[in-house]
Each structure stands twice: as structure tokens, then as C-alpha cells.
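Dear colleague,

Please find the structure below, handed over for your work. My findings on it follow directly after.

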Amino acid sequence: MKQAGFAIIALLIAFAILFGGGGNVDTSHRLEAPSSEAFFGTDTLGRDLFARVAGGVGMSVAVAAVSVAFSFTAGVVLSYLYTLQHFPREILLSVSDSLKAVPSIVMALFLASLSGPGVMKLAIAISLGHIADISRTAYSRTASIIGEAFIESERAIGARHSRIFFSAVLPHVIPYLALQCVSVFLSSVIAESTLSYLGCGLPVSLPSLGSILAEARPVLLSAPWMIIFPGGALLLIGTALELIALSFSESHTSS
């Protein structure tokens with residue numbers, strides 16, 4: 001299942017790289033049905049939907065990748081700080097637990113509306129809702145490992161705390177974070193599309209699956225291809241990530 005999921009993601013990335021673009025405005029060809037000249041038809045401004053869907057897939061994957069990288073890095077750094085003796089761990093853990101009461105999409109919507117449109121701004125706004133979960137998971141695993149004999153042997157030979165954490169503890173924590181990173185990736189794709197659908201995501205000059213779906217609302221019945229193709233792309237991304245997550249979950253259960 002994991003191989004199938006990664007294969008789908010790889011094909012979608014290749015699709016985005018090879019064919020992605022914003023499309024050229026040509027109102028004389030607006031809302032044309034799929035044909036040999038425009039495989040996915042055209043949108044309300046006559047732009048090639050094939051190129052726009054490919055570009056939207058690329059933007060969704062890019063935003064999600066940056067979100068995962070930022071939340072993973074920040075979460076690991078926080079989990080390291082939690083292990084320091086005089087760090088106010090309990091206070092920050094209590095704050096992070098309180099933030100879980102706020103849905104990540106609502107927090108991303110609030111932060112994105114404050115920061116304005118932009119790929120990096122949107123990615124960071126989305127990732128902030130996941131840092132607490134990753135840091136909590138990393139710290140809980142670290143706390144269960146830190147007292148093991150091989151860690152005590154590292155201390156006995158005079159290894160620094162930072163070296164123990166990053167070279168001895170972190171390799172045992174990363175497999176547990178992999179599943180969470182897949183979940184963050186999927187959540188980020190959904191969040192980016194949702195925010196773009198609401199007009200609070202990517203700039204209007206950039207293609208987005210969410211903005212394409214928003215444009216399709218007034219012409220849903222007369223131009224159903226504007227819903228089918230971007231919606232199908234989101235379904236493929238979600239299916240691939242679910243396959244990957246399921247394989248990681250099964251490997252953890254068996255171990």
C-alpha cells in the first residue's frame with residue numbers, strides 16, 4: 001500500500017511539473033467542454049483547466065511540504081527544549097494542550113487572514129496548528145527512551161545532552177513522527193484548498209484547486225468538469241496519503 005501511495009504522489013508531482021501553469025485568459029473560449037485541444041475543458045475565463053489543475057496540484061503539494069517541514073522542525077526543537085532541566089516545560093505543554101481545543105483549520109484561517117496571501121505565509125500559518133501535536137508526540141517518546149540503558153551509557157562517557165538527544169534519542173522518535181507527518185501533509189492540502197476556496201489562501205495569480213472549485217460554483221450544472229477534475233485531483237492526493245498512513249500504522253501495530 002505504501003508503494004502505491006508514493007507512486008500516486010510521484011505521478012501527481014510529475015503531472016504538476018510537466019503541465020502546471022496558470023493558463024492564458026481567452027474569453028472567446030470560456031467554459032468549453034473537454035476536448036482534444038483542452039483535455040479538462042476551459043474555465044470561466046477561457047483558461048486551460050488541464051494546466052490549472054496541474055498547477056493547483058503543484059501548489060497544494062508545495063504548501064503541504066513546507067508546512068510539514070516547518071512543523072516537524074519546530075516540533076523536534078521544542079521536544080528537545082522540553083528535556084532541558086530548567087525549561088518551563090509544564091507551562092508550554094499546558095498551553096499547547098489548550099490550543100488543541102481550536103481546530104487547526106480555524107487557526108490557519110485566522111492567521112492567514114492576518115498575514116495576507118503568499119505561499120510561505122500560508123504554509124507557516126497552516127503549520128502552526130500542528131507544531132504542538134508533533135512536539136507532544138516527540139516529547140512523550142523521548143521521555144520513555146531517556147531512561148534506557150544505552151542513554152545512560154552515553155552519559156557515562158561524557159556525551160553532551162544535545163548530542164544524546166539528536167544522535168541517540170531522535171532516531172528512535174522519528175519513526176513515530178512519520179505517521180503524524182503524513183497526517184499533517186493531508187491536513188495541509190485540505191487546509192490550503194479550503195482557504196483558497198474561501199479567498200484567504202494563495203494569491204489569485206496562482207492556480208489552486210480550492211480557487212478553481214470556488215470559480216465553479218456559479219456554473220456547476222452547465223460546466224461540471226470544473227468540479228470533477230480539481231475534485232478528482234484532491235481525491236487522488238487524499239487516497240495516496242491514506243494508503244501511506246495506513247501502511248505506517250500497520251507497521252507500528254505489528255512492531
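The lining of the largest pocket comprises 7 nonpolar, 7 polar and 3 charged residues. Please note that the model is a predicted one. The space in this largest pocket amounts to about 210 Å³. Its lining is made up of 17 residues, and those closest to the centre of the pocket are Ser 196, Leu 202, Pro 203, Val 204 and Ser 211. Two or more lining residues come from each of helix H4 (104-115) and helix H9 (209-216).

I also examined how the helices pack. Helix H1 (residues 2-19) packs with helix H2 (residues 49-82) at an angle of about 125 degrees, and the two axes are 8 Å apart. The angle therefore makes H1 oblique to H2. The crossing of H1 past H2 is left-handed. On the H1 side, the residues in contact are Leu 12, Ile 13, Phe 15, Ala 16 and Phe 19. These meet Phe 50, Ala 51, Val 53, Ala 54, Val 57, Gly 58 and Val 61 of H2. Sorted by class, the contact of H1 with H2 holds 11 nonpolar residues and 1 polar residue, with no charged ones.

H2 also packs with helix H8 (residues 161-197), here at an angle of about 145 degrees and with the axes 8 Å apart. H2 passes H8 in a right-handed crossing. In the contact of H2 with H8, 17 residues are nonpolar, 8 are polar and 1 is charged.

With kind regards

Conventions
Residues are numbered from 1 along each chain as its sequence is written. This is a predicted model: local features need pLDDT of at least 70, side-chain atom pairs count only at pLDDT 80 or more; totals for chains, interfaces and linings use all residues. Side-chain values use heavy atoms; hydrogens and water are left out. Axes are lines fitted to C-alpha atoms, for helices over the stretch in contact, and angles run from 0 to 180 degrees between N-to-C directions. Helices (H or I, at least four residues) and strands (E, at least two) are DSSP runs, numbered from the N terminus. Angles under 35 degrees count as roughly parallel, over 145 as roughly antiparallel, 65 to 115 as roughly perpendicular and the rest as oblique. A crossing is left-handed if the near helix is turned anticlockwise from the far one by less than a right angle, and right-handed if clockwise. Contact means heavy atoms within 4.5 Å. Ala, Val, Leu, Ile, Met, Phe, Trp, Tyr, Cys and Pro count as nonpolar, Asp, Glu, Lys and Arg as charged, and the others, Gly among them, as polar. On a 1 Å grid over the protein atoms alone, a cavity is a set of points where a 1.4 Å probe fits but cannot get out, and a pocket is an open set with protein on both sides within 12 Å along at least five of seven lines; lining residues have an atom within 4 Å of a point. Grid points are joined across faces, edges and corners, and a volume is the space filled by probe spheres set on the points.
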